[in-house]
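Subject: Structure handover

Hello,

Here is the structure you are taking over. Notes on what was found in it follow below.

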Amino acid sequence: MSESSADARFAALPTRPGKIIAIHLSYASRADQRGRRPQHPSYFFKPSSSVAASGGRIERPAGTELLAFEGEIALVIGAAARRVPLAEAWDHVAWVTAGNDFGLYDLRAADKGSNVRSKGGDGYTPLGPSLIDARTVHPDALRVRTWLNGTLVQEDTSAGMIFPLPQLVADLSQHFTLEPGDVILTGTPAGSSVAVPGDVVEVEVDVPEGPSSGRLVTTVVEGQAPFDPDLGALPAVDDLQRTEAWGSREAAGLPTEVASAVERGSEATDTTRAESAADASSRSAVPEWTGTPGDPLSTELRAKLEAAPVAGLSQQLRKRGLNNVTIDGVRPLHPDTKFVGTARTLRFVPNREDLFASHGGGYNAQKRAFDAVGEGEVIVIEARGESGSGTLGDILALRAHARGAAGIVTDGGVRDAAAVAAVGIPVYSAGAHPAVLGRKHVPWDVDVTIACGGTTVQPGDIIVADTDGVIVLPPAIAEEVVDAALAQEDEDAWIAQRVAEGHPVDGLFPMNAQWRARFDAEKGGKR
């Protein structure tokens with residue numbers, strides 16, 4: 001008697017899987033919902049003891065709230081695959097069936113990305129109820145649908161995947177042998193959400209008007225056994241986990257970002273750009289920028305800013321009444337560093353032990369900021385000028401560099417400064433310090449208005465840095481300011497030539513009418 005027939009958990013499978021490999025993010029619809037699209041597939045393992053049959057029950061552990069379902073296409077390997085080419089990868093898949101990749105978001109922070117506890121529990125991988133012969137279907141023609149209490153909540157096809165099904169097989173086979181009976185969970189589309197005790201979740205994989213796995217049925221029940229705090233990490237959730245588990249802040253019953261900032265009693269330095277735009281005209285003569293964090297600079301504007309010195313930009317901003325636009329007290333880890341980018345902000349508050357316990361661990365604001373920074377953006381960190389603790393180290397610098405960030409600015413310390421410098425990303429800081437984050441800081445919020453080096457920085461502000469320092473440039477006047485700065489540079493270079501020729505600076509710097517006329521004549525009236 002085979003193990004699959006002896007153990008009801010594996011009734012739908014040819015054998016107990018030697019390994020179950022799951023994909024983190026694979027559907028375009030899910031990537032759009034999450035606001036991040038991976039360049040390459042990434043994976044994690046699930047234990048075979050997590051497999052369950054259709055009609056089973058899954059416990060939501062006592063004291064938890066975020067048990068999420070993920071309807072998926074499951075592939076069952078039929079022939080061993082090791083370094084197989086893409087064109088032959090599908091030949092190694094024997095069957096296709098429905099899978100439900102349940103996950104407990106309450107334990108995500110404790111797992112730190114491994115998903116061992118959050119997705120490895122008994123019953124967390126229902127599969128079945130029937131197998132589809134992979135030879136009879138095209139890998140792009142499969143459909144996955146999920147119902148919650150009879151309501152269709154997920155529907156997509158394998159054609160909507162970022163990484164085609166054969167690619168997943170070929171990629172995994174580069175790293176280890178896929179053996180007969182192994183299962184690949186191929187990711188979930190948009191619509192994954194939370195199930196609560198009493199809910200019934202059904203998943204079906206089929207080819208429309210063709211073969212079907214049948215509906216994989218799982219009922220959620222309330223667990224009774226609590227986790228033992230003396231043995232390991234306890235469940236913990238925050239609004240980020242709630243948002244990701246439910247699929248959106250609205251679905252999670254949370255206020256919008258703007259409303260939540262108001263409810264927190266935020267001061268002006270914590271308001272979102274949407275709030276500040278509402279009364280911008282009453283506060284400032286500088287035009288309000290209406291973009292969002294991550295809006296790219298045009299190629300032309302970026303080139304101009306890279307050519308303009310910070311000192312020249314500062315002079316032009318001062319002429320326009322903006323004197324408080326330099327981030328003071330920071331120095332580059334690399335000499336002769338120059339960068340230009342748009343700001344993504346991270347705020348630290350002073351360390352308080354209870355707040356660090358609730359906000360300092362897991363996937364905290366600091367880690368979210370470095371995971372979210374985009375190409376050409378600058379992470380600007382508010383550390384209140386407190387350099388007695390690191391605000392980043394080499395791992396986070398590597399992450400920002402891999403994401404294509406233009407640079408990092410912090411008015412706090414840098415830990416592992418030599419290693420950070422070796423990463424190659426431009427970093428301006430208040431100095432080096434060996435202590436870890438929790439000594440002085442609690443990571444608190446991202447993409448809010450902050451104060452860094454005595455200067456207010458908003459998400460989307462343009463940051464320019466060179467050996468003279470770091471300056472904050474309001475996007476709405478960036479073109480005007482940089483054009484004026486470059487024109488002034490041209491004029492100053494002409495004056496320098498005259499001084500080198502032996503002319504006195506009196507009347508030349510600044511130019512009187514006579515020198516101005518000569519300059520205009522030589523430059524064709526262009527300044």
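Three strands form an open sheet in the order β8-β5-β13, with antiparallel pairing. The edges are taken by β8 (103–104) and β13 (193–194), each with a single partner strand, so one side of each is left without a neighbour in the sheet. Two strands are said to pair if DSSP finds at least two bridges between them. Strands (E, at least two residues) and helices (H or I, at least four) are DSSP runs numbered from the N terminus.

This is a predicted model: local features need pLDDT of at least 70, side-chain atom pairs count only at pLDDT 80 or more, and totals for chains, interfaces and linings use all residues. Residues are numbered from 1 along each chain as its sequence is written, and side-chain values use heavy atoms, with hydrogens and water left out.

A68 has G103 in β8 as its bridge partner.

Strand β7 (residues 93–100) is largely enclosed by the rest of the structure, because seven of its eight residues are buried. Buried means under 20% relative accessible area, exposed over 50%, and partly exposed in between (1.4 Å probe, protein chains only). β7 pairs with β6 (residues 71–77) in the antiparallel sense over seven bridges, and V76 stands opposite W95 of β7. β7 also pairs with β9 (residues 125–133), again antiparallel, over four bridges; here V96 stands opposite I132 in β9.

Strand β6 also holds E72. Which side chain of opposite charge is nearest to E72? The answer is K119, 5.3 Å away; E72 is buried yet has no salt bridge (a side-chain nitrogen of Lys or Arg within 4 Å of a carboxyl oxygen of Asp or Glu). For charge, Lys and Arg count as positive and Asp and Glu as negative, while His and the chain ends are not counted. The side chain of E72 does reach the backbone nitrogen of T186, at 3.4 Å.

F509 lies in the loop between α16 (478–500) and α17 (513–522) and counts as exposed, at 55% relative accessibility.

For the chain as a whole, there are 17 helices and 26 strands, and 49% of the 527 residues count as buried.

Regards

Technical notes: Polar contact = N/O pair within 3.5 Å; in protein donor to acceptor, adjacent residues only side chain to side chain.
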